[in-house]
Amino acid sequence: MKQLLIDKINNGTAIIGIYGLGYVGLPLAIRYADCGYKVIGFDVDQSKIDAIESGTTYIKHIPDESVQALASSGFEGTTDFSRTGEVDAIIICVPTPLNQYREPDLSYVINTVESALPFIRKGQVLSLESTTYPGTTEEELLPRIEKQSLKVGEDYFLIYSPEREDPGNEKFETRTIPKVCGGHTASCAEVGVALYEVAIDTVVPVSSTKVAEFAKILENIHRAVNIGLVNEMKIVADKMDVDIHEVIHAAATKPFGFTPYYPGPGLGGHCIPIDPFYLTWKAREYGLSTRFIELAGEVNTNMPQWVVSKVADALNAHKKSINGSKILVLGIAYKKNVDDMRESPSVELMSLLQERGAIVDYSDPYLPTFPKMRKYSFNLESIELTRENINSYDCVLLATDHDDFDYSHLQNCSKILVDTRGRYTNSPENVIKA
Ligand SMILES: NC(=O)c1ccc[n+]([C@@H]2O[C@H](COP(=O)([O-])OP(=O)(O)OC[C@H]3O[C@@H](n4cnc5c(N)ncnc54)[C@H](O)[C@@H]3O)[C@@H](O)[C@H]2O)c1
């Protein structure tokens, strides 16, 4: 059974099923199609399937041409999970958020698996790519598959292979980002490596699904903790009247043992503010607390408050208060050069400023209209950055430093500019670092 599946993968006749066609699933589908595989995309959102079939992208950094290439490769999209039996590989890329108590919400993964389960068959490989706590594949997926009278490692293959993505980073693409892969058994691992080796330049096998799950979580904890550290250093440096960005640039000249991380107005995106708490939750089962994660979370979560206090100080110096001031927030995406708003600290900033009585607007070249969000609602359109418009605000707050902004124009036209990204290194008089 194992060899049959590996042969199908290697001779290009395997059919690849991608479950969840979002930021992770869509580029993976494009990559497999590009390698000549037939791809079936499963999603609960028909509008994504329609968009792919009409060759239109719904993710800013993925061009229409790539989606068109996928559409013309023989791709089929469906919301009908009974077609699961048609595929040889089930690759799950659905969301893994936190619930309202900041605990793991595995409902998307479980729903996907439960929908596919009645239709799984011998000779398939199932790979979970969604980020999750160590143990998920063994505890949640394995027993469900075994209930279908399938023997994992003999006639069914189960792996965990986390996705690594850095939207907007032009140096890497799906093919060139090394992929960690752990199997439930040695045979599962062998199939997993075969599955990814045909599409990804470097596959990194590890001894178990748990190691692969932990590796992904560690990568994201590493970032969250280091960003927390540098955000704390920013506050200390600010009190000492030292520019933290100059400090980081100087420290980064050390050719070993130092990795630069940059402070900002808070954590954003789908991964870094969320994933570390998957481990926090799981560690509790072992009677352990994850103090670094909690501390970094606390520092990073307080950042928007700190930035707002810097805005208040800046206005105060001009005998103004936040209450009644017109404030323009630049950049509402969670990081530069993308249109992704998930967990964006800019939105938290806008909300805090509005609560304090400010009249808030925004400008973002990637988001012409403020999108509908679960927690926040702003009925706003992006402001055009003309001299008159910029100058009509009491304060301009640079939250996300898109490369498309004209920074000297912004500085020339602003009454006060609060810079949370260290864009203004030469300390112009009207710029306040935050
Ligand atoms: N976005 C990133 O940069 C990134 C990077 C690494 C890892 N991840 C992880 O990958 C996973 C997916 O993230 P994403 O950013 O692609 O999410 P996303 O929200 O962009 O996409 C998820 C897709 O899954 C679909 N979906 C929801 N429920 C489903 C179901 N029951 N069956 C089939 N499809 C369903 C949604 O409609 C959506 O199209 C998450 O675990 C995330 O943590 C994301």
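**Notes on salt bridges, a cavity and a nonpolar patch**

1. The term covers a side-chain nitrogen of Lys or Arg within 4 Å of a carboxyl oxygen of Asp or Glu. Both residues sit in α10 (residues 276-285), three residues apart, about one turn of the helix. Helices here are DSSP runs of H or I with at least four residues, strands are runs of E with at least two, and both are numbered from the N terminus. The cut-offs are under 20% for buried and over 50% for exposed, with partly exposed in between (1.4 Å probe, protein chains only).

2. A word on provenance. This is a predicted model, where local features need pLDDT of at least 70 and side-chain atom pairs count only at pLDDT 80 or more, though totals for chains, interfaces and linings use all residues. Numbering runs from 1 along each chain as its sequence is written, and side-chain values use heavy atoms, leaving out hydrogens and water.

3. Back to the ion pairs: the whole structure has 26 salt bridges. One of them joins Glu163 and Lys179, whose closest N and O atoms are 3.9 Å apart. That pair links distant parts of the chain, with Glu163 in the loop between β6 (156-160) and β7 (179-183) and Lys179 in strand β7, 16 residues apart. Buried or exposed, these two, Glu163 and Lys179? Both are buried.

4. Glu163 and Lys179 turn up again in the lining of the largest cavity, along with Pro162, Arg164, Thr174, Ile177, Pro178 and Ile200. By class, that lining has four nonpolar residues, one polar and three charged. For the classes, Ala, Val, Leu, Ile, Met, Phe, Trp, Tyr, Cys and Pro count as nonpolar, Asp, Glu, Lys and Arg as charged, and the others, Gly among them, as polar. The volume of this cavity is about 60 Å³, and the structure holds one cavity of 30 Å³ or more. A cavity is a set of points on a 1 Å grid over the protein atoms alone where a 1.4 Å probe fits but cannot get out; lining residues have an atom within 4 Å of a point. Volume is the space filled by probe spheres set on the points, which are joined across faces, edges and corners.

5. Another salt bridge, at 3.4 Å N to O, is between the side chains of Lys336 and Asp403. Lys336 is in the loop between β9 (326-330) and α12 (345-355) and Asp403 in the loop between β11 (395-398) and α14 (407-413), so the bridge ties together parts 67 residues apart in sequence. Lys336 is partly exposed at 34%, as is Asp403 at 43%.

6. There is also a salt-bridge network linking Lys38, Glu76, Arg83 and Glu86.

7. Helix α8 (residues 209-239) supplies the largest share, three residues. Met233 is in that helix and is partly exposed at 35%.

How values were computed: On a 1 Å grid over the protein atoms alone, a cavity is a set of points where a 1.4 Å probe fits but cannot get out, and a pocket is an open set with protein on both sides within 12 Å along at least five of seven lines; lining residues have an atom within 4 Å of a point.
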